[in-house]
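Good morning, and thank you for the time.

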Amino acid sequence: MRVVIAGGHGKIAQLAHRELAGRGDTAVGLIRNPDHAAALRAAGAHPVVADLEHVGDDELAEHLRGADAVVFAAGAGPGSGAGRKDTVDRAGAVLLADAAQRADVRRYLLVSSMGVEGEAPAGTDEVFAAYLRAKKAAEDDLTGRDLDWTILRPGRLTDDPPTGRITLARRAPAGAVTRTDVARVLVALLYHPHSAGTILEVVGGDTPIADAVAAVDRR
């Protein structure tokens, strides 16, 4: 399987690269900064420089041709303002979907976030609220497309060691989940075509990842 991951230098993306490479798959990481190429190679991925805030959809589509799936794991990151939450977390996801359709790549996994539905609670930091709005707008765009999409909404992300056990459901209780477990869920979903058309929330839990993913079906 050839998988292109947008946001290829991010923590979840690099973990997913390693998971894919370990299975014998081809991982391609889209990066903004060419200085990050060495880190991707070390993770077993092929780096491609493509800045989602500046690349055109035709050029991006060329990078996707021949892929079996794309994953949007990009984000403006800590320290960015509300404007970049829109240009990266929303517009970048939309651009990737446009390019996927041009390149005839049907499988699209979007890393979103729990908490995107409804208004942010009073007192929520405005930049974080903008992040949630951007993620929800990206979801809304994707669900309206003729693609085999799956949306994964992790809970609070941690860098703790993975447990290999999760709760994966349309509605999951608030909680944390390790980035490594999220990366493993993403790769497992790529191998589970019946997850297409589903929106799933994931936090730490009691069910082995393989069993949790195998139980997912289009609703």
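Predicted model: local features only at pLDDT ≥ 70, side-chain atom pairs only at ≥ 80, totals over all residues.

Residues are numbered from 1 along each chain as its sequence is written, and side-chain values use heavy atoms, with hydrogens and water left out.

Helices (H or I, at least four residues) and strands (E, at least two) are DSSP runs, numbered from the N terminus. Helix 5 covers residues 126-143, 18 residues in total. From first C-alpha to last it reaches 26 Å, close to the 26 Å expected at 1.5 Å a residue; the expected span is 1.5 Å times one less than the number of residues.

Which residues of helix 5 are buried? They are Ala129, Ala130, Tyr131, Leu132, Ala134, Lys135, Ala138, Glu139 and Leu142. As a general point, an α-helix has 3.6 residues a turn, so residues three or four places apart point the same way. The cover over the buried residues of helix 5 includes strand 4 (69-72), helix 4 (82-102), strand 5 (107-111) and strand 6 (148-154), where contact means heavy atoms within 4.5 Å.

I turn now to the whole chain. It contains seven helices and eleven strands. Its radius of gyration is 16 Å, close to the 17 Å that the globule rule gives for 219 residues, so the chain is as compact as a globular protein of that length. That radius is taken over C-alpha atoms, and the rule is 2.2 Å times the number of residues to the power 0.38. Along its principal axes, the C-alpha trace spans about 40 × 40 × 35 Å. Buried residues account for 49% of the 219. Of the contacts between residues at least 6 apart in sequence, 67% join residues at least 24 apart.

Finally, two loop residues. Gly24 sits between helix 1 (11-22) and strand 2 (26-31), and its relative accessibility of 62% makes it exposed. Gly24 and Arg2, 22 residues apart in sequence, are 9.8 Å apart in space, C-alpha to C-alpha. Asp104 lies in the loop between helix 4 and strand 5 and is exposed, at 65% relative accessible area. The phi of Asp104 is near 60 degrees, a positive value in a residue other than glycine.

Methods. Buried < 20%, exposed > 50% of the residue type's maximum accessible area, 1.4 Å probe, protein only.
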